[in-house]
Amino acid sequence: MKLFKTLIVLFVMTSCTQKEKVDLIVSGDSVYTVDNEFSKAESFAVKDGKILAIGSTKDILDKYDAEQVLDADGKYVYPGFNDAHCHFNGYAVNLLQYADLRGTESPEEIYGLLKQHHDKFGGDWILGRSWDQNDWAVKDFPDKNRLDELFPDIPVYLVRVDGHAGWCNSKALELAGVTAKSKVNGGDVLLKNGEPSGILIDNAMGFVVKFIPEVTSEQLEKGLLEAQRNCFAAGLTSVTDCGLDKETILLMDKMQNAGELKMRVNAMLNPTQENFDYFVKKGEAYKTDRLLVNTIKIYADGALGSRGALMMTDYSDDPGNSGLQIETQEYYDMICQLAYDNNFAVATHAIGDGGNRLMLDTYGKYLKGKNDRRWRIEHSQIINADDFAKFAEFSVVPSIQPTHCTSDMPWAEDRVGAERIQGAYAYQTLLNQLGWVPAGTDFPVEDIYPLYTFYSAVFRTDHKGWPEGGWHKAEGLTREQTLRAMTSWAAKSSFEENEKGSLEAGKIADFIILDTDLMTAEPNEVLDTKILSTWSAGEKVFEL
């Protein structure tokens with residue numbers, strides 16, 4: 001009997017001291033969980049790629065044992081950033097083919113960069129991306145003349161920063177058969193002295209784009225891996241890629257299954273028949289651990305910078321022009337009916353107040369009231385005062401990109417006037433409709449860095465602090481709201497809030513470690529913040 005009692009005591013003692021084996025313990029004092037209470041923790045344990053438990057360092061170390069213990073003392077841990085609107089594949093292609101023209105201050109600077117790029121890489125075309133005439137001393141659109149002088153025998157195609165205008169030389173226009181008589185719905189061929197000037201707006205860009213050689217699958221794989229490296233270095237563990245074809249999605253799926261592409265991708269579909277037949281008409285989302293396909297991406301209008309955004313009345317600085325409606329009402333009805341019938345979401349690019357009203361009213365015909373379909377309007381940039389409530393009425397998700405606000409603020413009021421600007425980049429008003437918003441960068445239209453999103457949303461200034469006090473600061477977001485928009489609310493926008501977006505037991509262990517407390521940092525400290533490491537499913541994928 002004594003022996004039996006002794007064995008029981010030994011068993012209880014052993015049971016009390018035995019710790020559960022896990023793969024990783026992150027031990028620190030500043031873990032922002034971004035849970036419903038926005039609570040802070042000290043440590044968490046990871047097993048099989050998911051968070052097993054989170055709490056105090058003492059509790060975690062008392063209960064769990066791991067060969068890998070990550071000391072995050074004095075550092076700050078956050079959920080991995082999730083870019084709710086970007087062009088991941090487009091960024092990958094840019095890395096392979098396009099000269100980077102972002103931040104150039106004159107056409108002359110661009111000409112020099114193009115010569116350098118072509119001397120270095122060669123090729124049958126000269127391609128570039130991210131010029132913006134609003135950054136130049138003369139803010140008019142450029143023309144083809146100097147491009148023709150420098151590159152008379154090779155086609156040149158340069159995409160504006162917003163992706164809604166192309167700048168070409170005569171060789172490219174000739175190859176595409178573009179003349180002064182060329183017309184297309186939802187686009188415009190700008191003329192100068194009765195001839196194409198070299199600027200193509202929105203759908204007119206397609207005249208030339210279809211002649212640009214496509215990258216091979218092998219080239220794209222390299223581009224995607226390079227894009228992934230840059231995203232991890234920026235603290236991104238998930239992205240929503242706004243508009244992909246079947247072939248690209250299946251390539252990403254293959255690379256993810258092979259363990260090469262670890263980035264989580266919410267892949268929005270381009271509205272092609274092939275995509276409809278392969279994905280949509282199956283009536284359910286395509287879902288893996290790292291890939292989601294459940295949304296059709298379409299366009300209502302163009303961009304504000306190129307005056308293609310659809311306005312309810314004329315542009316203040318361009319009388320007679322109210323922008324472009326990209327497709328017919330019948331087209332939008334067809335897409336919405338198809339998505340509704342097959343339980344897919346619709347995400348529509350809409351920037352002007354006319355474009356936003358068009359899509360809110362179109363969505364309303366199918367959604368008919370509050371729902372959990374999570375149909376989205378991408379950008380939601382300029383809203384008529386009478387239309388904000390429609391987001392709440394039809395449960396439409398406004399997907400915002402705060403760096404657009406700080407990029408556009410020097411000239412946006414010139415475009416739309418003092419009255420309409422009151423409903424522009426109105427993020428706090430939009431957030432109040434549903435109580436949440438997802439945020440993204442729209443890279444490569446803007447820089448890839450989510451920390452710039454945080455800065456723009458919270459402070460509403462450029463990186464030099466202009467304007468003092470922030471531009472229409474009342475429409476900025478709080479720090480907590482912004483962090484949620486970049487993590488948990490971004491996950492919610494794709495129906496993935498139960499899997500990722502916050503550091504809670506049972507969720508994927510995607511997290512980042514920074515050297516700065518974003519909740520208290522001064523503006524310059526936010527810009528100087530360093531991503532020390534990025535972790536995907538408990539695996540380190542980047543370290544500074």
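## Reading a predicted model, feature by feature

Me: Where is N185 found?

Reply: N185 lies in the loop between helix 6 (170-176) and strand 11. Helices (H or I, at least four residues) and strands (E, at least two) are DSSP runs, numbered from the N terminus. This is a predicted model, where local features need pLDDT of at least 70, side-chain atom pairs count only at pLDDT 80 or more, and totals for chains, interfaces and linings use all residues. Residues are numbered from 1 along each chain as its sequence is written, and side-chain values use heavy atoms, with hydrogens and water left out.

Me: Does N185 count as buried or exposed?

Reply: Start with the cut-offs: buried means under 20% relative accessible area, exposed over 50%, partly exposed in between (1.4 Å probe, protein chains only). N185 has 65% relative accessibility, so it counts as exposed.

Me: What does N185 touch?

Reply: Contact means heavy atoms within 4.5 Å. Not counting residues up to four places away in sequence, N185 touches N203 and I326.

Me: Which residues is A234 in contact with?

Reply: A234 is in the loop between helix 8 (217-233) and strand 13 (236-244). Its relative accessibility is 3%, so A234 counts as buried. Leaving aside neighbours within four places in sequence, A234 is in contact with F81, I448, Y449, P450 and I531.

Me: How many aromatic pairs does a search of the whole structure find?

Reply: A pair of aromatic rings is described by the distance of the centres and the angle of the planes. Rings of Phe, Tyr and Trp (its six-membered ring) pair if their centres lie within 6.5 Å; planes under 30 degrees apart count as stacked, over 60 as edge-to-face and the rest as tilted. The whole structure holds 18 aromatic pairs. Take Y32 and F38: their ring centres are 6.0 Å apart and their planes are at 45°, so this pair is tilted. Y32 is buried at 5% relative accessibility. F38 is buried at 14%. Elsewhere, ring pairs link Y111, W131, W136, F141 and W167 into a cluster.

Me: Which residues touch the most other members of the largest nonpolar core?

Reply: A nonpolar core is a set of buried Ala, Val, Leu, Ile, Met, Phe, Trp, Tyr and Cys residues joined through side-chain atoms within 4.5 Å. The largest one has 124 residues, and F88 and L304 touch the most other members. A second, separate core has 18 residues, including Y111 and W167.

Me: Which strands form the open sheet, and in what order?

Reply: Strands of a sheet pair through backbone hydrogen bonds, either parallel or antiparallel. Two strands pair if DSSP finds at least two bridges between them. Here six strands run in the order 7-8-9-10-12-11, with mixed pairing. Strand 7 (99-100) and strand 11 (187-192) are the edges, each pairing on one side only. Strand 8 (residues 126-131) and strand 9 (residues 156-160) run parallel, joined by five bridges. W131 has R160 as its bridge partner in strand 9.

Me: Which strands form a hairpin?

Reply: Strand 22 and strand 23 do, with two residues between them. Four bridges join strand 22 (residues 531-536) to strand 23 (residues 539-543), and the two run antiparallel. W535 stands opposite K540 in strand 23. In the turn, A537 has a positive phi of about 50°.
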